[in-house]
Amino acid sequence: MPIWLGMPATRARLLVMNAALGPLDYRVPEGMAVEHGSVVVAPLGPRQVTGIVWEDERLPTDPVPEGKLRPLLAVLDVPPISAQLRRLIEWTADYYVAPLAAVARMVIASGGALRGPATMTEYRLTGGAPERMTPQRTAAIEALEGEQATIRELAGIAGVSEGVLRGLVNHGVLEPVEVDVDRPYSRAAADFHLPDLSDDQREVSDRLVELVGARKFAPVLLDGVTGSGKTETYFEAIGAAIAADRQVLVMLPEIALTEAFLSRFEKRFGAGPVVWHSSLKSTERRRAWRAIASGEAQVVVGARSALFLPYANLGLIVVDEAHEISFKQDDGVRYNARDVAVMRARFEGMPVVLASATPALESLHMADTGIYEKLVLPSRFGGAQMPDIQLVDLTEEKPGSGAWIAPPLRRALFDRLEKGEQSLLFLNRRGYAPLTLCRHCGFRFQCPNCSAWLVEHRLSKRLACHHCGHETAPPEKCPDCGEPDCLVACGPGVERIADEVTEMLPEARVAVVTSDTLNSPEKAAEFVAMAEAKAIDVIVGTQLVTKGFHFPELTLVGVIDADLGLEGGDLRAAERTYQQVAQVAGRAGRGAKPGEVLIQTRHPEAAVIAALEAGDRDAFYEAETEARRYANAPPFGRWAAIIISSEDEKEAREAAHRLGDTRPILEDVQVLGPAPAPMALLRGRYRYRLLLNAKRSAELQQVIRDWLSRINHPPGVRIGVDIDPYSFV
């Protein structure tokens with residue numbers, strides 16, 4: 001039995017996975033071995049709850065007499081949560097003003113993984129033949145040669161119904177095989193296929209390998225232009241970690257990027273990494289979680305939630321496209337995975353690499369002040385040149401009535417199609433049109449749950465809200481005036497741009513690339529394969545196409561509306577616009593052929609647009625830094641938002657004003673509001689916001705905790721805290 005403070009453990013303090021409950025004390029039955037970090041099952045009234053054994057002094061609570069303690073029921077068959085990960089849980093909860101239990105739930109996110117060893121039934125061909133052969137059975141048998149998987153998975157591989165395969169099972173053509181759910185993953189080899197690196201890449205990779213070997217906390221900003229080979233460079237650090245039998249976490253901002261990354265990874269290391277994202281089946285999540293916790297998983301590639309998994313021997317974290325705002329979670333625990341990754345590396349004592357061609361201003365500031373080490377890849381790999389960038393002034397080069405593509409971009413599209421080269425058009429608006437209205441009475445289609453217009457999606461024949469997911473079929477008549485055939489689309493989305501391209505270039509093969517069309521890794525892989533095979537002439541996409549993709553034949557990028565991201569008064573609007581446009585521009589000319597970028601704008605004089613035209617990133621960041629310094633905005637000051645919401649508008653308004661009336665009066669903290677949130681109705685809840693601007697010297701989180709603890713709100717009121725907000729809706 002473990003010894004705590006020289007005595008056998010007779011009681012344990014639990015952090016239970018319920019944010020409404022504080023720490024709970026239990027008795028440890030004789031013969032049960034528990035230690036700090038053990039995941040246990042305990043009774044709570046008539047129910048059973050899962051908890052993590054925590055240090056008493058770190059979870060203070062009122063003492064419970066020994067005689068009143070109920071016994072723990074079981075210790076689950078998983079490794080204890082490490083002290084380093086427990087410290088990360090505490091730090092995240094403290095920094096983001098979130099319940100400790102809500103953060104801990106992300107660590108044990110796979111309930112199935114906690115239930116111990118398990119088996120499942122898969123099927124494979126026996127070599128036999130059915131009594132009666134049908135075309136579907138013939139196709140299935142041919143497609144499943146050498147395959148072994150569940151019936152559902154085999155049906156997907158063969159492209160037939162599950163009923164066809166069950167018939168083959170009944171005829172003995174497919175046989176069941178009992179397999180271990182937690183079967184081992186293929187092993188990656190550090191030296192499977194060593195790359196030919198440039199001198200710049202070799203210099204940077206040698207430094208990263210050195211840091212992996214040092215086994216000390218080392219935050220690194222890997223700042224390389226688009227196409228410079230950042231991935232190949234940090235692959236060398238991954239190889240060093242694999243050779244040293246240390247685990248690696250690579251974080252990607254989008255699931256759609258995963259398949260292309262996996263292909264590159266397997267070519268380099270001879271086996272794929274372990275994948276973690278929201279689209280995994282429960283059995284896949286369980287298998288991955290247990291492999292990570294046992295140390296069997298060598299490299300994990302995942303979305304932000306992969307950051308909180310219980311790695312047994314983590315030696316390196318890489319955050320790819322580290323500037324991406326999708327690393328910031330906007331509900332639940334509102335954490336920024338980029339920043340928490342740095343803290344995890346600090347607690348674990350290892351390097352963390354933030355890789356980007358357009359780093360966040362905060363990351364550049366940390367590098368400039370010497371807190372992060374900055375490694376630079378200044379040029380594209382293999383002699384490829386950066387694309388030529390030109391502005392198209394829409395006040396002079398007008399697209400024409402009902403059109404959105406200006407004449408210079410039209411001519412460039414014709415030219416690329418004639419040459420057999422690929423083009424990409426970028427507009428960060430999903431769907432066909434952002435607004436649909438009645439031309440007869442002016443009625444606008446609005447979401448019933450949100451302060452947002454319904455977006456027309458002609459591909460799926462739906463009107464959809466991009467905030468809550470509400471969908472409805474477009475009506476035949478105006479619901480307000482009853483007039484038929486009167487609905488008109490206002491403004492462009494990517495589907496409308498794709499229609500314009502098809503009308504202009506009827507022979508062109510056009511692909512629409514958004515989170516609607518690439519909503520699974522399989523669809524993303526299919527798109528990449530088609531683009532690489534030159535089965536696509538023009539790609540029309542949203543921010544999803546701004547990162548990660550490498551198509552050597554893509555030589556033209558057109559930005560339909562560069563001004564779109566500057567609307568709305570967002571603190572980071574200029575920075576986001578620069579990052580998005582620079583990233584999408586970086587898709588052009590990545591191979592031997594030169595690239596060209598045409599940026600359509602109505603404000604060519606805007607600082608961010610002028611910087612994009614000149615390719616002068618440093619000048620833009622310098623001006624943006626001074627503007628932030630003047631506004632006491634990050635990284636020089638701190639921002640936090642408090643969001644008050646209720647299903648009753650009056651209740652939300654009164655709660656917000658009650659909170660505003662008790663605001664703290666401090667020299668180093670300014671409180672703005674309350675005011676209705678820009679998205680005043682979201683998912684059926686009315687929302688008000690208060691914004692705090694604080695100096696770096698302020699203990700902002702403690703100020704917020706003290707302030708919120710003074711007021712009791714009605715049960716229908718929710719209070720959310722967003723530290724370092726990225727979204728201001």
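Modeller: A crossing is left-handed if the near helix is turned anticlockwise from the far one by less than a right angle, and right-handed if clockwise. Keep that in mind for this predicted model.

Biologist: Is the crossing of α15 and α17 left-handed or right-handed?
Modeller: Start with the two helices. α15 covers residues 573-585 and α17 covers residues 617-630. Their axes lie 11 Å apart. The crossing they make is left-handed.

Biologist: Are α15 and α17 roughly parallel or antiparallel to each other?
Modeller: Look at the angle. α15 and α17 pack at about 165°. Angles over 145 degrees count as roughly antiparallel. The pair is therefore roughly antiparallel.

Biologist: Which residues of α17 make the contact with α15?
Modeller: Ala-574, Glu-575, Tyr-578 and Gln-579 come from α15. By class, the whole contact has four nonpolar, one polar and four charged residues. The α17 side is made by Arg-617, Phe-620, Tyr-621, Glu-624 and Arg-628.

Biologist: Are α6 and α7 roughly parallel or antiparallel to each other?
Modeller: α6 spans residues 199-214 and α7 spans residues 230-243. Their axes come within 8 Å and cross at roughly 30°. An angle under 35 degrees counts as roughly parallel. So the relation of α6 to α7 is roughly parallel.

Biologist: How many nonpolar residues does the contact of α6 with α7 have?
Modeller: α6 passes α7 in a right-handed crossing. The contact residues of α6 include Val-204, Leu-208, Val-209 and Val-212, and those of α7 include Ala-237, Ala-240 and Ala-241. Three contact residues are polar and three are charged, while the number of nonpolar ones is eight.

Biologist: Are α4 and α5 roughly parallel or perpendicular to each other?
Modeller: α4 is residues 151-158 and α5 is residues 162-170. The axes come within 9 Å and cross at roughly 115°. Angles of 65 to 115 degrees count as roughly perpendicular. The two helices are therefore roughly perpendicular.

Biologist: How many charged residues are in the contact of α4 with α5?
Modeller: This crossing is right-handed. The contact is made by Ile-151, Arg-152, Leu-154 and Ala-155 of α4 and Glu-162, Leu-165, Arg-166 and Val-169 of α5. Five of these are nonpolar and no residue is polar, and the charged ones number three.

Biologist: How much space lies in the largest cavity?
Modeller: A search of the whole structure finds four cavities of 30 Å³ or more. The lining of the largest cavity includes Tyr-185, Arg-187, Pro-273 and Glu-296. That lining divides into six nonpolar, three polar and two charged residues. The space in the largest cavity is about 60 Å³.

Biologist: Which residue does a cis peptide bond join to Pro-635?
Modeller: Pro-635 sits in the loop between α17 and β28. Omega for the cis bond is about 10°. The partner joined to Pro-635 is Pro-634.

Biologist: In which strand is the place of Pro-674?
Modeller: Here is another cis peptide bond. It joins Gly-673 and Pro-674, with omega of about 10°. The strand that holds Pro-674 runs over residues 669-682 and is β29.

Biologist: What is the phi of Val-97?
Modeller: Val-97 is found in the loop between α1 (83-95) and α2 (100-107). Val-97 is not a glycine, although its phi is positive. The value of that phi is about 50°.

Terms used
Residues are numbered from 1 along each chain as its sequence is written. This is a predicted model: local features need pLDDT of at least 70, side-chain atom pairs count only at pLDDT 80 or more; totals for chains, interfaces and linings use all residues. Side-chain values use heavy atoms; hydrogens and water are left out. Axes are lines fitted to C-alpha atoms, for helices over the stretch in contact, and angles run from 0 to 180 degrees between N-to-C directions. Helices (H or I, at least four residues) and strands (E, at least two) are DSSP runs, numbered from the N terminus. Contact means heavy atoms within 4.5 Å. Ala, Val, Leu, Ile, Met, Phe, Trp, Tyr, Cys and Pro count as nonpolar, Asp, Glu, Lys and Arg as charged, and the others, Gly among them, as polar. On a 1 Å grid over the protein atoms alone, a cavity is a set of points where a 1.4 Å probe fits but cannot get out, and a pocket is an open set with protein on both sides within 12 Å along at least five of seven lines; lining residues have an atom within 4 Å of a point. Grid points are joined across faces, edges and corners, and a volume is the space filled by probe spheres set on the points.
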